[in-house]
Amino acid sequence: MTSIGTGYDLTNSTFSPDGRNFQVEYASKAVENGGTAIGIRCRNGVILAVEKIVTSKLLKSGANKRIASIDRNFGMISSGLIPDGRHLVSRARDEAASWRTNYKCPIPSSSLAFRVGSYVQAYTLYSSVRPFGVTTILAGWDSETENRVDGQVGSGPKAASGGQRNAVKDGGPGLYMIEPSGLYWGYYGAATGKGRQTAKAELEKLDLSSGNLSLEQGVKEAARIIYAAHEDSKDKEFELEMSWISSSDGPTKGRHEQVPKEILEEAEHFATRAMEGDEDEDTATGVGETMEE
């Protein structure tokens, strides 16, 4: 079977003879050209980080944010076509607001991922639209404590908002990645963009499934991973943008917020030292091999 479109890529609603949708594959290629974005699920929170390539010296430093808040306890980041990502942010905010209107409580992270994923998938079905050229990472914290129902009057039902019950601990961190096809999975660590392979390799070394990584340690590791992924484009300047969501007794009190400037600077210093240490090891290894010869 052919590996190129040859007419089957002219519309979004046509499969090739070998069962491929070339428009969706082209959208994935657009994602690969974007800056590296990662999400890390820690023991007591979730971290989002992105590599913002500086395309012009005239851009204002710190402006043009790539990480957006969806609700009080949700953040979203995307890699690929930035306008497409902003459209999905708007849609996700509408979904979160709709859930609050109907159910009087914050939307669970799994439900928000399902709704946004279904919306993205709908754009792969019709010839009158094109797929979104972004992969989105969604991070949230489902409150482990009882949230009063918006506008609640009286004692309410025995089961609290979100089906929570007394003496039963619910909630916790949630991290999902939504691809251009609409496919989404829950992750301990997710990476997308140009440096995704390097980032994935570094995330796997952290053993995130064990739940031992704290939020504070995760901030430093996220910075180090973004710096490592940027090595392939080291000739281009970039800015590191990072946000986090903690548990209700953590630094953000269950809200999605930007990582404070002093903590971010400390993390960047840690990442710089780590990269310099790797370079020194490589140099020492090369010298040793030369001497042996």
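## Lysine over a ring

Lys220 places its charged end over the ring of Phe270, 5.9 Å from the ring centre (a charge sits over a ring if NZ of Lys or CZ of Arg is within 6 Å of the ring centre and within 35 degrees of the ring normal). The model is predicted: local features need pLDDT of at least 70 and side-chain atom pairs pLDDT 80 or more, whereas totals for chains, interfaces and linings use all residues. Residues are numbered from 1 along each chain as its sequence is written, and side-chain values use heavy atoms, without hydrogens and water.

## Aromatic pairs

The whole structure contains 7 aromatic pairs (rings of Phe, Tyr and Trp, the last by its six-membered ring, with centres within 6.5 Å; planes under 30 degrees apart are stacked, over 60 edge-to-face, the rest tilted). Trp99 and Tyr103 form a tilted pair, 4.5 Å centre to centre with 45° between the planes.

Both Trp99 and Tyr103 belong to helix 2, 4 residues apart, about one turn of the helix (helices are DSSP runs of H or I, at least four residues, and strands of E, at least two, numbered from the N terminus). Trp99 is buried at 16% relative accessibility, while Tyr103 is partly exposed at 46% (buried is under 20% relative accessible area, exposed over 50%, partly exposed in between, with a 1.4 Å probe and protein chains only). Ring pairs also join Tyr119, Tyr123 and Phe132 into a cluster.

## Lining of the largest pocket

The largest pocket has 28 lining residues, with Lys52, Ile53, Val54, Thr55 and Arg66 nearest its centre (a pocket is an open set of points on a 1 Å grid over the protein atoms alone, where a 1.4 Å probe fits, with protein on both sides within 12 Å along at least five of seven lines; lining residues have an atom within 4 Å of a point). Strand 2 (45-53) and helix 2 (82-103) each give two or more residues to this lining, and strand 2 gives the most, with 3 residues.
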